[in-house]
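Colleague: I have the coordinates open on my screen and would like to learn how to read them. Where shall we begin?

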Amino acid sequence: MLDSFIKILKILPPELAHSFSIKVLKYLSFNYDKINDPILAQHLMGMDFPNPVGLAAGFDKNGEVIRSMFSLGFGFIEVGTITPLPQKGNPKPRVFRLGEDNAIINNLGFNNKGSKKIKKNIVKIRNSLTGNKIIGINLGKNKSSLNSIDDYLFGMEKLGNLASYITINISSPNTDGLRDLQLRGNIENLIKKIIVKREEIESINKKPVFIKISPDLNEDQLRDIALISLANNIDGLILTNTTTSRPDNLLSSFKKFKGGLSGKPLFETSNNILKKMYNLTNGQVTLIGVGGISNGSDCYEKIKSGASLIQLYTALIYSGPSLIFKINNELIDLIKTDGYKNISEVVGKSV
Ligand SMILES: Cc1cc2nc3c(=O)[nH]c(=O)nc-3n(C[C@H](O)[C@H](O)[C@H](O)COP(=O)(O)O)c2cc1C
């Protein structure tokens with residue numbers, strides 16, 4: 001039954017397949033969350049992660065399938081990107097499967113139901129979850145917004161108290177001008193205001209704040225972000241979002257479409273950013289490695305390159321629901337083979 005459903009999804013156009021999956025996942029629960037090996041568990045930034053594998057932002061933009069995604073075995077789930085007001089995003093078609101490359105190009109442009117509706121979804125699901133589940137809330141800005149920073153502050157005010165951690169997404173390539181927020185003066189201004197806002201609101205003043213950055217930054221820009229993050233006690237950096245670059249070896253003809261590339265071809269690029277950031281921050285900021293992870297050894301490599309946690313999205317589309325269970329089992333084997341007692345001992349070992 002599940003196999004035939006997955007076969008159907010693979011023939012549907014990607015965005016239709018995704019909305020169909022979300023509809024079905026609301027009512028599905030899996031049994032892939034039974035790995036509770038302490039070798040994978042970490043206490044980071046006040047949160048207890050049962051394993052290091054998280055769902056990257058963009059899959060559950062509206063917080064509709066959180067319960068189902070935990071049942072796949074994820075250690076944490078990031079909902080969003082959420083903008084203050086609902087918006088439709090860019091014109092369709094805007095998601096392309098690059099099957100030969102195990103990749104996706106998306107030019108969605110923060111299509112989401114907006115903070116009010118999504119807040120209701122998260123409240124409902126949070127109340128029905130058992131145990132202490134880690135849910136990150138990824139915030140963005142509306143396309144029509146006149147003041148980008150205000151949109152992030154609004155998101156913190158409205159949704160921050162529901163989040164285990166808050167992600168400030170300034171790296172999607174599909175909203176004009178968004179990535180400019182990563183530039184020195186802009187990011188400094190943004191981060192300072194975010195930290196002040198966090199102090200002001202009692203219910204969120206202990207919540208970790210992560211910044212999600214692009215893989216298309218140069219050395220100087222990475223250094224600026226590292227210094228500003230250290231100076232303002234940013235808790236975590238998510239490395240990375242999708243890339244606008246197109247590696248020469250891409251095979252699929254869909255590579256010509258505009259948008260952010262994710263999946264296998266992003267692995268090396270995002271890993272290089274991760275290693276550089278680990279060096280620049282001297283291990284003082286928690287790093288979350290994202291980009292092109294499709295198995296346990298990819299995950300292990302990200303951790304050795306400096307990530308304490310990892311996230312994935314694209315591989316889930318290609319590999320199906322048992323992927324996270326497999327990755328966690330592979331990770332346990334890799335850690336034991338190398339003689340470590342806990343995954344945290346692996347962090348940064350190859351940098
Ligand atoms: C269809 C699609 C939609 C995405 N939407 C978002 C988003 O709304 N916010 C965000 O921060 N990242 C978004 N991402 C980026 C992912 O979170 C992740 O950073 C990127 O895909 C690299 O990981 P992967 O190679 O495992 O997919 C999206 C990715 C895809 C493929």
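Modeller: Let's start with two helices: α7 and α8 are oblique to each other. Oblique is what's left once angles under 35 degrees count as roughly parallel, over 145 as roughly antiparallel and 65 to 115 as roughly perpendicular. Keep in mind that this is a predicted model, where local features need pLDDT of at least 70 and side-chain atom pairs need 80 or more, while totals for chains, interfaces and linings use all residues. Residue numbers start from 1 along each chain as its sequence is written.

Colleague: How are two packed helices described, and at what angle do α7 and α8 cross?

Modeller: In general, you give the angle between the axes and the distance between them. Here helix α7 (residues 219-231) and helix α8 (residues 267-281) have axes that come within 10 Å and cross at roughly 45°. The axes are lines fitted to C-alpha atoms, for helices over the stretch in contact, and angles run from 0 to 180 degrees between N-to-C directions. Helices (H or I, at least four residues) and strands (E, at least two) are DSSP runs, numbered from the N terminus.

Colleague: Is that crossing left-handed or right-handed, and which residues of α7 and α8 meet?

Modeller: The crossing of α7 past α8 is right-handed. The near helix is turned from the far one by less than a right angle, clockwise for right-handed and anticlockwise for left-handed. On the α7 side you'll find L222, R223, A226, S229 and L230, facing I273, K276, M277, L280 and T281 of α8. Contact is called when C-beta atoms, placed from the backbone, lie within 7 Å. Those contact residues split into six nonpolar, two polar and two charged. The classes: Ala, Val, Leu, Ile, Met, Phe, Trp, Tyr, Cys and Pro are nonpolar, Asp, Glu, Lys and Arg are charged, and the others, Gly among them, are polar.

Colleague: What about α9 and α11: at what angle do they pack?

Modeller: Helix α9 (residues 296-304) and helix α11 (residues 323-337) pack at about 60°, axes 8 Å apart, so α9 and α11 are oblique as well. α9 also passes α11 in a right-handed crossing. G296, S297, C299 and Y300 from α9 meet I327, E330, L331 and L334 from α11. That contact holds five nonpolar, two polar and one charged residue.

Colleague: Now the strands. How many close into the barrel, and in what order?

Modeller: Eight strands close it, in the order β3-β4-β7-β8-β9-β10-β12-β13, with parallel pairing. Two strands pair if DSSP finds at least two bridges between them. Take strand β3 (residues 53-55) and strand β4 (residues 76-82): they run parallel and are joined by two bridges. One to click on: G54 has F76 in β4 as its bridge partner.

Colleague: And in the open sheet, why does one side of β5 and of β11 lack a neighbour?

Modeller: That sheet has three strands, ordered β5-β6-β11 and paired antiparallel. β5 (95-98) and β11 (260-263) sit at its edges with a single partner strand each, so one side of each has no neighbour in the sheet. From one strand to the next the twist averages 20°. β5 pairs with strand β6 (residues 103-106) over four bridges, and L98 is opposite A103 in β6.

Colleague: How many residues surround the ligand?

Modeller: 28 do, the closest being A56, G58, T81, S262 and T314. Near here means a C-beta atom, placed from the backbone, within 6 Å. β4, β6, β11 and α10 (314-319) each give at least two residues to that shell, which divides into twelve nonpolar, 14 polar and two charged.

Methods. Two residues are in contact if their C-beta atoms, placed from the backbone, lie within 7 Å.
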